[in-house]
Amino acid sequence: MQIGRFPSSRHRFRNQLIKAFRVRSRSLLWQTVEHLNGKHTSPPMRALLRLRRRLPLPLTARLSFFSSEPHEIPTIYSFLQPSIFAPRPRPQPPPPPSPPAHDTAPRKTLPVADAEALESDLLAAVAEDRTDDAWLAFKSLAASSRPPSPRAAAALVSHLAGAGGAHHRLGLKRAFAAAVFLLEKSPHAAPVPEPAIGALFSALAAAGSAAPALALARAMLRCGRRLPAFPVWGHPLIELTRDDAGAFAAFLKVFDEACKLVVGEKAPAEAAAMRPDLTACNAVLAGCCRRLGSVADAERVLETMSAIGVSPDVESFGSLAFLYAWRGVSSRVDELDTLLDALGFSKKGFFKNLVSGYLKSSNFESVSSLILRAVKEHRVGYGNVFDQESYSEVAQCFVDHARIRELAQLIIQAQEIELTQQPMSVEDSVGFGIVNACVELGLLNKAHSILDEMTAQGASVGLGVYSSILKAYCKEQKTAEAAQLVAEISAAGLQLDAGSYDALIDASMTAHDFQSAFALFKDMREARLPELRSSYLTIMTSLTENNRPGLMASFLDSVVDDPRIEIATHDWNSIIHAFCKVGRLEDARRTYRRMVFLRFEPNNQTYLSLINGYVSAEKYFNVLILWTEVRRKGTEFNHELIDAFLYALVKGGFFDMAMQVIDKAQEFKIFLDKWRYKQAFMETHKKLKVAKLRKRNFRKMEALIAFKNWAGLNT
């Protein structure tokens with residue numbers, strides 16, 4: 001079979017797919033062929049299939065070029081033509097031009113010494129970034145009978161291709177002209193080494209110059225030399241032409257010619273280096289399928305892949321599925337479907353591409369049928385049937401064509417199927433996928449219209465369909481719309497999930513509607529939802545950020561007995577710290593007492609918050625009482641707590657308790673900075689006289705003397 005004359009019959013299409021998978025199991029594919037052909041396969045065809053020749057099919061000289069019109073650029077022989085990067089207009093074909101003068105004019109013979117000197121000058125000019133001098137040396141060599149060596153050519157082309165600034169475009173022109181000239185005129189086997197060719201193609205791709213890049217590729221094909229490795233020139237060309245249908249059509253012709261050379265290459269190693277890899281072939285196939293929309297071109301590329309020994313994969317079949325769905329070739333879709341089953345490939349990408357193809361052709365009925373089929377075949381635990389990109393594409397296309405009713409019907413039918421399957425998460429449902437896609441696309445009103453349409457059709461709307469809209473209303477602070485939707489959910493007899501409640505509570509807290517948040521949390525508890533922790537933290541965090549310790553204490557007290565909420569010491573610490581921060585020390589003390597009464601164990605952070613609050617209000621006696629209590633409990637002291645107690649007691653003048661703190665520090669081997677407490681004493685008790693204390697309180701006097709001796713205040 002010849003690639004250029006691809007048959008249109010079903011039997012030959014099947015044979016082509018089988019040849020593409022020659023490296024796979026023979027028995028598996030033979031079963032697939034038997035299934036596709038049935039009893040109507042002729043004996044000669046069966047014999048041909050059994051033969052299963054391992055040699056690739058030849059690409060003969062009759063391999064036809066692709067039908068798309070290429071961007072033609074005339075071959076450049078002059079180095080001074082300024083318009084080589086722009087496709088020239090095509091008026092009525094002029095008479096054939098006379099051959100360029102330099103093609104017929106005899107070249108002057110240059111002595112070897114002079115040629116070597118010129119080449120040395122060229123290399124020196126490149127090394128010293130003297131572009132014009134390098135170009136003049138190259139022109140002199142090119143005009144003689146001794147063209148530059150591959151080493152000099154590589155240096156020049158790479159240098160010119162990498163020229164920057166104002167010389168960038170001129171450098172590209174010169175590099176292109178030099179490369180074309182050397183490919184066509186140089187006697188060397190590889191006149192421009194692969195690195196230099198790669199640098200030039202990359203520079204042309206970066207400049208978006210498709211026409212000269214294609215012309216350079218044609219020059220490589222035309223010169224009759226071995227092609228460089230495909231990644232060197234093919235990959236830049238693919239990237240350069242993939243978004244331009246005309247340029248891509250021209251590239252297809254180049255790709256076709258290159259593959260003929262690969263098939264004709266007798267040395268396996270050379271053929272392997274020249275062969276396009278699977279990624280490149282898939283990119284070319286995708287261009288035919290998605291950019292050109294040509295069934296003939298796509299199937300010709302598929303046959304070319306078979307001929308050069310590149311087996312298609314899931315991505316290849318995905319591109320074909322998109323094309324056949326777009327062009328309405330249902331028989332090909334069925335054959336691909338069966339082949340994927342036989343090969344054991346996942347159909348997730350296959351379904352995704354079919355949906356995209358059907359949408360492109362506005363075949364909405366096929367889109368709905370395919371989605372429902374995918375839901376039926378979906379296995380719970382394997383994630384969503386389709387990804388967010390597919391759902392967004394479906395939602396956008398249906399909405400653009402005013403097909404809200406059809407979307408609602410699709411969700412209703414999908415829900416009926418989903419109810420018969422094992423339980424799945426809300427996010428895995430089709431309804432959630434489509435409605436959430438509308439929300440993500442900014443079509444919130446359209447999403448609500450889908451709900452209204454479903455209700456109008458008498459369908460029970462699943463919670464997953466409501467959930468995405470409700471969260472979007474909460475995110476946009478549309479509390480009125482959210483409240484209306486909650487009422488609709490309740491009227492439908494549905495129970496909100498924890499995620500929806502959390503979104504509503506977060507919106508209420510953001511709007512400072514604390515009472516609504518408390519009411520919602522109460523509803524969550526009464527609905528016996530198992531997960532309350534997230535919403536609890538949302539409320540507590542927001543109240544902390546808004547400095548509402550009173551509401552924090554009230555809320556915590558109301559939920560402290562709920563076993564679903566793991567309340568710990570740090571929750572009480574947050575309230576105590578918030579009270580101390582706003583100066584409500586009595587409330588902080590009361591919260592501390594409540595915490596101890598409920599048998600939550602205070603920690604160092606609890607005491608630090610209280611001490612700092614008392615010191616800020618200069619209530620040092622409260623620190624004294626707290627120290628007595630903490631000391632009696634036998635708390636494990638750290639440096640921070642010892643320091644806070646000692647500083648506060650010194651500021652308050654309770655030197656007997658201060659000495660107890662010092663004793664504890666020595667017991668736990670905690671280092672204390674005496675200078676800090678000496679400063680605290682001097683700031684508060686500088687005028688305190690020991691003689692006056694002796695008359696009033698002998699024990700206090702002794703404690704004062706002991707502290708001053710410890711702090712070094714008596715020296």
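Predicted model: local features only at pLDDT ≥ 70, side-chain atom pairs only at ≥ 80, totals over all residues.

Me: Why is the pair of Phe-248 and Phe-251 called tilted?

Reply: The ring centres of Phe-248 and Phe-251 are 6.2 Å apart, and rings pair if their centres lie within 6.5 Å. Their planes meet at 45°; under 30 degrees would count as stacked and over 60 as edge-to-face, so the rest is tilted. A search of the whole structure finds 24 aromatic pairs.

Me: What separates Phe-248 and Phe-251 along helix α12?

Reply: About one helical turn, because the two are three residues apart in helix α12, residues 245-264.

Me: Why is Phe-248 called buried?

Reply: Phe-248 has a relative accessible area of 1%, and buried means under 20%. Phe-251, at 0%, is buried too.

Me: Which residues form one aromatic cluster with Phe-248 and Phe-251?

Reply: The cluster also holds Phe-230, Trp-233 and Phe-255.

Me: What makes Phe-322 and Trp-326 a tilted pair?

Reply: Their centres are 5.8 Å apart with 55° between the planes. The cut-offs are within 6.5 Å for a pair and over 60 degrees for edge-to-face, under 30 for stacked, so this pair is tilted. Both residues lie in helix α16, four residues apart, and both are buried.

Me: How do you know that the charged end of Arg-327 sits over the ring of Trp-326?

Reply: The charged end of Arg-327 is 4.0 Å from the ring centre of Trp-326; the distance cut-off is within 6 Å, alongside a limit of 35 degrees from the ring normal. Lys-360 also lies over the face of Trp-326, at 4.8 Å.

Definitions and conventions: Residues numbered from 1 in each chain as written. Heavy atoms only, no water. Phe/Tyr/Trp six-rings, centres within 6.5 Å; stacked < 30°, edge-to-face > 60°. Buried < 20%, exposed > 50% of the residue type's maximum accessible area, 1.4 Å probe, protein only.
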